[in-house]
Each structure stands twice: as C-alpha cells, then as structure tokens.
Amino acid sequence: MREITKLIHKYLRHDKKFPHVWCPGCGNGIILGALIRAIDRLGFTKDEIVLVSGIGCSGRLPVYVDFNTLHTTHGRALAFATGIKLAKPELTVIVIMGDGDAMAIGGNHFIHAARRNVDLTAIIFNNSIYGMTGGQYSPTTPYGMRASTAPYMNIEHDFKISELAVTAGAVFVGRGTVYHARLLDSLIEKALLKKGFGIVEVITHCHVQYGRQNKLGSAVDMMKWQRDNAISVEKAEKLSPEEKRGKIIIGVLVDRELPVYQDEYERIKERAKVSTVRGR
Amino acid sequence: MRKVLTGNQAVAYGVFLSRAEVISAYPITPQTTIMENLAELWADGVLEAKFLRVESEHSAMASIIGASMVGARTFTATSSQGLALMHEMLHWAAGARLPIVMVNVNRALGAPWNIWSDQTDSLSQRDTGWIQLYCENNQEVLDTIIQAYMIAETVSIPVMVVLDAFFLSHTSEVVEIPEGGEVEKFLPPYRPRYRLDVNDPHSFNLMVSPDYYQEFRYKIQMAMEEAKVVAEEVDGRFAKVFSRGYGLVEDYLCDEAELILVTTGTVTSTSRQVISQLRQKGQRVGLLKIKMFRPFPVQEVRAHLKGVQKVAVIDRNISFGCGGIFAQEIKAALCDQGERPQVFSFVTGLGGRDITPSVISEVIEYTRRNDRPEKEVIWVGMRG
Ligand SMILES: Cc1ncc(C[n+]2csc(CCOP(=O)(O)OP(=O)(O)O)c2C)c(N)n1
C-alpha cells in the first residue's frame, strides 16, 4: 500500500462502514483524502476533531471516518455544530455540507454562522446539483443548465458560495477544486488553523447526475474542465471582469481578522459579572 | 385509459387531471419522483400550472398558501422530515381555511435516519386541522386526489392524501386513468368564497383577541364534522361516474365476525389475503380498513365494530408513551359504548419492516387466544 493510502486508511472506519455509497469516479473521496491529510499534518488526535454533516451524498462523509462524528438533518449542520462548539470550545469542529444543504434549506444558518463568526470550519461540496435525491437543480446550478427538475433549462440564477461567505462576514474563505488536490489540502489546513468562521468551497463533479443531464462527459472530462477553467486568485487580480467570466477563481479569497463569537461571549460575561458585583 | 403506474405517477396524474394551478415542492425520498413527474408534464406544456422549486418544504407550503389565498388550486408533496419541517405552515393553512391538497408519502422520521415506510410522520400532524386520507393502492391514490380537491374546496379545509413509501410510491400497478373530460365535469374549476382581490378588498389572518379566537377554532371543528358528510357524498358521486368508491372506512368479510382486524394503507391488501384464507378455514374473522383518519369517522367505526367481541388494530406508527395511534382512536371511539369489544393494540412494521402474512396471522392468533391483551401495546415482529 502506498504511504498516502496508508495515511488515509489510518482514519477510516474500515470494518464497519464500507462499502461507501459514492458512485465510482465521485469527487467526494478526494475531498475526504484532503481533509484527512490536513488534519494529520496539523497533528490533531482523532478525539480532538468533531465532524458534523448535513444530509446528502456529501453528508455521508463523517460516517466513514474515525473522529467524533454527527450526521444531522438536512440544512441544519451549522446549527448543531454551533451548539457543540459553544459547549466544548476545546474541540475542533468541522462542518460538511452539500450545496443544497448549505445554500437552499440551510442558507439561513450559513449566513448567520458567518455573521456571528463562530469558530467553525465549513467545507462545502459544490457539485451544482442535489446529488443524493436524484439530480434536481440546486441554488448553485448555473442558469441555463439542466436538471431533473429543469428538463429544458434552469431559469434561476446561482449563488456564488464563496462570495456570499465573504459578504456575510466569514474570516477565511478559500475555494478549490477536486482536480487541484494539493491546493485543497492547504486550503483546508489554513481554514482549520484560522480562529473564527472559515469556509472552503470545493468545486466537485457529479458526473452521474449533473454531468449526464448536461452531457459533460465522464468524471475525468469534468475534472479536466476544472483544470482548464480554474485560475488562481493572483492571476484573476490582473484580469478584467470579461476575462474572468466563466472562470473558477481558486485559492484564498479572504483571510482577515474579526472578533470571534466565543471571545466576545467571554468578554460580555466578565462585564456582566463586574456590574453585578457593583450592584449596578 | 389503463396504464401501469407507480404510486407517485398516479399522484402526478391525479394532480394533472385535477388541474392544479400552482405547484411547489422540495425533493425528498420517496416523494421526489412525484415532483419530477409533474416537472416533466409542466415542461412539456401538458400541465398548465405554475411550477415552483423552492429551497425547503417550509417554503413549499408557504408559497402555495400564498397562491391559494388569491384563489388558485394548489398542490405540494413531501415526506417525513419535510413534513415535520412544514408543521408551522400546516397549522397556518388550516387556520386560514385554504383548500390546499398535498400528498405525504409515509416515511420514517429520524433520528436515526431511515427512508422506509412508517406512518408516524403524517399521524403526528393530526392536530394541525388537516383532513387525512390514507390509500391502499395506486388506483385509490389517483382517485383520492381528485376527491380531495372536491372535499377541500367544499368545506374550506386542506386535505393530506397519504400513501406508503415504496410499497406504493415506487411499486407499479395497473391504474385506470379517467379520460374524455370526465374529471373536468366532476371537479369544476375552483371558485373561492373569499380571496385576495384588489376589487373587493379584505384583510386576512390578522391578530384576533381572546374575544374571538375560540369561535374561529369552533368553526374549523364544525367544518371537520361537515367534512365527513361531504366526503361520503363526494365518494358516492365519484362512484356513480367512475364506478369506484372507497367510503370513509371499508369492511371486508365482516358478516358475523367475532374478531375484526383494523388496518390502514398497504397492510390492508396483505390482510385481505390472510382474512379470506382464515374465513375459508371457518374462522369468523373480518377486516376493517380505515381510509379517513381526520376527521375520525367515529360513527362508522362504532357501527362496524358493534357486537364484535375482539378488535385487533395494526399500527405502523407509534406515539411514544402511549401506543399505536389508530388503536388509541378506536379505543376512544368505543369507550362510551355500553357493550364494546376488547381492543388489542399491535405495533409493527416500523421503518419499513415488512408486515408479512405470517405477522398478520400472528396478530390474529394472539387475539383469538387471549381474552384480553397482556400489555397495552404488543410489539410484533421484533428481532430475536
Ligand atoms: C427536511 C428535508 N428535506 C429534504 C430532504 C431530502 N434530501 C436529502 S439530501 C438532499 C439534497 C442533497 O443535495 P446537496 O445538499 O447538494 O448534497 P449532495 O447530495 O449533492 O452531496 C435532499 C433534498 C431531507 N433529508 N430533509
């Protein structure tokens, strides 16, 4: 077994949870690998990590790994995770969501987690479709594309997940693709190190639903598309809006300092204590 | 026209024939294909409805509440977690007296996750003010949707049509699809008594003080009582036109029965087989299928169970701390009757576990053997 595979295997729930549900060629396994490599490199023990997921193909990820794991309801993973983090601030809480999970049914939790700046790391698997339920269009399905609920074309416009996170107040926003696996490792690592609400949006392919309905070819073809259409943040800075149209900008979009919710919370507690002692 | 349809396709045909004007839904297994079938009919231009694909079930119900308030005929469908998420809006739709029709495909609730058949999702919405109709086969599904619009629009109460996950939703059966404008004649276009209309302005659903609120609730209760009569009438007229009727309850081989088995949904079909075999062996057993759960057909249940010694109720659902929900309702319906049967409550088939003929035989055998149940709730088909 290759070293890199051995490393991944160290963290999997081999005896219990395999075979997994992902289709052959799915990008989710690459994201799982990147997550494990990042956690391993940062030297966390398995018990220090909590993986919280919503529902979807992406939501299955925590099932396969030997951390503290919680498979929650569709769209609500961030709310569950906020509770865990506030009760046990010493744990590193990572939230796994699909684009439907995070942007449709859970869209509200997403913007509020970012605004509140709770110390969580969210990894969003953006495959532009509801994978698990059979390829209905999601809030990230681009205008004009097809889905099982848009047999001719989607007439709605898509959310840009990372840009939404920036606007809503996330302190770390990174975007990668499953083709650029090394970049993904480093984005997840940076997000985990960051105190406050950080997200990594991962562009991945669902060749079985989205690819098939839109004639985008095999998993390999879709990964080649990622390769050919991604440009780095640095490169994008030099391009005009027209030149950037249709491109995926990858890398660190935002890395900034803002007060973290838990710190603010502790501060207000101290203040309240002082004023109680003084009898107001 | 006869066609082989899954339960979910039968739903789509029912909605199409009923000429729903606004449809809104969010995908969830095992409901999803209802929405996909409708999306296809819509995209092909066959279904002339406005079709919305929203961001959650809560929004699905909210959006058709809006559409219903301006006088459109509306539809949505969901299951399990989705229905639970709609809960707030279910109360709202009923309180606002909107004749919305929705389908719930019965599926187990989490935690833990399970996508298979279980009635606890719809039954736990029993106090929301919705009429609930349970179906046994795909023909009944199609027919019930058409009837549901008629009932809802007559009494101004929303109707939930319920079918079992997979056993109906994904199983194909031969279904007779009404043709030649028959449904159009049977179910005229929706003409609301009250609606949002700029030419005749009204305010809807404002704050109501304690001086008035109770009367609003009383009127819903009265409409529910009326719904039983209306549903019978609608079913009778439907039977005249289409030669198929269902009743609020249906008895099967109940003549001179000493023991009656009570079921809902697909368990009924399996039970028909078991009961008819036992009859052939000379056992005096019968079957009562309950189609209408809200309003609960108290009179019909009393009439059919009168003079029977024992009643065995199969519940594919559980109200924790109490027991099977249909059994509770039946006990409540019988409790003030002078002479009343002994009711046995059986819980089985949760989360999609099969209720096989042998499970049903076991239920009947237990009821025959014992004068009274040894426990309030008897769990059948447990893992050893
Ligand atoms: C309240 C509720 N509504 C609907 C569902 C059904 N459901 C399960 S997964 C899913 C969408 C999955 O899409 P996405 O979040 O993009 O994840 P993917 O499967 O593509 O990874 C839906 C609608 C549910 N589980 N709960």
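Two residues are in contact if their C-beta atoms, placed from the backbone, lie within 7 Å. The structure is a predicted model, in which local features need pLDDT of at least 70 and side-chain atom pairs count only at pLDDT 80 or more, while totals for chains, interfaces and linings use all residues. Residues are numbered from 1 along each chain as its sequence is written, and chains are lettered from A and ligands numbered from 1 in the order in which they are written.

**Exercise 1.** Describe the side of chain B that touches chain A.

*Solution.* Step 1: 15 residues of chain B are in contact with 17 residues of chain A. Step 2: helix H2 (residues 32-43) of chain B gives the most to this side, with six residues. Helices (H or I, at least four residues) and strands (E, at least two) are DSSP runs, numbered from the N terminus. Step 3: by class, this side of chain B has six nonpolar, five polar and four charged residues. Here Ala, Val, Leu, Ile, Met, Phe, Trp, Tyr, Cys and Pro count as nonpolar, Asp, Glu, Lys and Arg as charged, and the others, Gly among them, as polar.

**Exercise 2.** State where the ligand lies and what surrounds the ligand.

*Solution.* Step 1: the ligand lies between chains A and B. Step 2: 24 residues surround the ligand (C-beta atom, placed from the backbone, within 6 Å). The closest are Gly56(A), His74(A), Gly98(A), Gly100(A) and Gly131(A). Step 3: helix H5 (99-105) and strand S5 (129-130) of chain A and helix H4 (80-95) of chain B each supply at least two residues of the shell. Step 4: the shell has ten nonpolar, eleven polar and three charged residues.

**Exercise 3.** Decide whether helix H1 (residues 7-17) of chain B is largely enclosed, and explain why.

*Solution.* Step 1: a residue is buried if 20 or more other C-beta atoms, placed from the backbone, lie within 10 Å of its own. Step 2: eleven of the eleven residues of H1(B) are buried, so this helix is largely enclosed by the rest of the structure. Among them are Gln9(B), Tyr13(B) and Phe16(B).

**Exercise 4.** Classify the packing of helix H10 (residues 298-305) and helix H11 (residues 325-334) of chain B.

*Solution.* Step 1: the axes, lines fitted to C-alpha atoms over the stretch in contact, are 9 Å apart. Step 2: the angle, on a scale from 0 to 180 degrees between N-to-C directions, is about 80 degrees. Step 3: H10(B) and H11(B) are therefore roughly perpendicular (65 to 115 degrees). Step 4: Val298(B), Val301(B), Arg302(B) and Leu305(B) in H10(B) meet Ile330(B), Ala333(B) and Leu334(B) in H11(B). This contact has six nonpolar, no polar and one charged residues.

Key
A residue is buried if 20 or more other C-beta atoms lie within 10 Å of its own, exposed if 12 or fewer, and partly exposed in between; C-beta atoms are placed from the backbone. Angles under 35 degrees count as roughly parallel, over 145 as roughly antiparallel, 65 to 115 as roughly perpendicular and the rest as oblique.
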